[in-house]
Amino acid sequence: MDNPQRLLLIASPLMRRTPVYDRAAALAKAKGMALHIVAFDYLEGLATAGLVNDQALAVMREGYVQQHRAWLETQALSMRRNGVTVTTEVVWVQHPLDEILVHLREQPFALLIKAFEHEPWWVRAMFTSLDIQLLRETRIPLHLVHQASHALPRKILAAVDLSRPEDQFEGFNDQIISEALKLALQCNAQIELLYAYDLGSMYLDSSGSREHSFLFDSNLAQTLHEAQSEAFQVLAERNGIAPEHRHLRLGDPAKVLALFMENNDIDVLVMGSYHHHGIGWFIGTTAERVLHRLSSSMLVISPEHSQG
């Protein structure tokens, strides 16, 4: 492989084969890139053993790490037989986020891949999961995989946001579509383009208040809809998306996206982590809300990546 970039797969500390391994291997082969698999191990049971005997803890840690290395090599073997260059690594660390960010800074990875871990709402209310931390912190494309009916995606959905254009990162919607088109070409997949918008949210004032969000009549709502529709068609036309693959929906974006994915057997949703600046909108919250409804996979692009 002559591409110097690699894909980075974050493996679970638990030695369990999940669909993310097949997805990572399939993407690596489709993209012509090598794959690096790294597991950041930390098991609370072994960690607390140190309260009794530090030397025994060190022996148990090393034994678990060695066992995990052997297990990862077994997973990598089948990938190598399929023509993918794979390297593996196991690191014992309590807080993996910092170590992941170090890996991303020090090496030219093109894509970060990880299995999405569903958590109950009460856990999310008290703790920020590693998945959400990565969603907020990573600057390279992040692929979170829940279920993967197909190792190589067959249907890809690009989600764009055309509301409040004065606050958007310039060209970000085009970059999202570009990434989705590139993935579709590499995977020989079908692409769909969706813009879901909420009329009420478009009436936020400069302080972020919704006080006047619904003080508009049907004529104004129709005017807004026509303007959004025209902007969407222009964006789709500029990026070569055929009319039959363009979808404009009114409603809460997170709910609309989740429903569209479920009804249309979408394998990967491509969307942005941020869409707005200026008044401090963090559209990453939309990505997070979609993530918790996720039934397949998501590829998240950051504006920092789109700007170079």
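This is a predicted model: local features need pLDDT of at least 70, side-chain atom pairs count only at pLDDT 80 or more; totals for chains, interfaces and linings use all residues.
Residues are numbered from 1 along each chain as its sequence is written, and side-chain values use heavy atoms, with hydrogens and water left out.

**Helix α1**
- α1 covers residues 19–31; helices here are DSSP runs of H or I with at least four residues, strands are E runs of at least two, and both are numbered from the N terminus.
- Its buried residues (under 20% relative accessible area, 1.4 Å probe, protein chains only) are V20, Y21, R23, A24, A25, A26, L27 and A28.

**Strand β5**
- β5 (residues 142–145) is covered on both faces, with L142 and L144 buried on one side and H143 and V145 buried on the other.
- β5 pairs with β4 in the parallel sense over four bridges; pairing takes at least two DSSP bridges between two strands.
- In that pairing, V145 of β5 is the bridge partner of A115.
- β5 also pairs with β10 (residues 297–301), this time in the antiparallel sense over four bridges, and there V300 of β10 is the bridge partner of L142.

Technical notes:
The expected span of a helix is 1.5 Å times one less than its number of residues. Buried means under 20% relative accessible area, exposed over 50%, partly exposed in between (1.4 Å probe, protein chains only).
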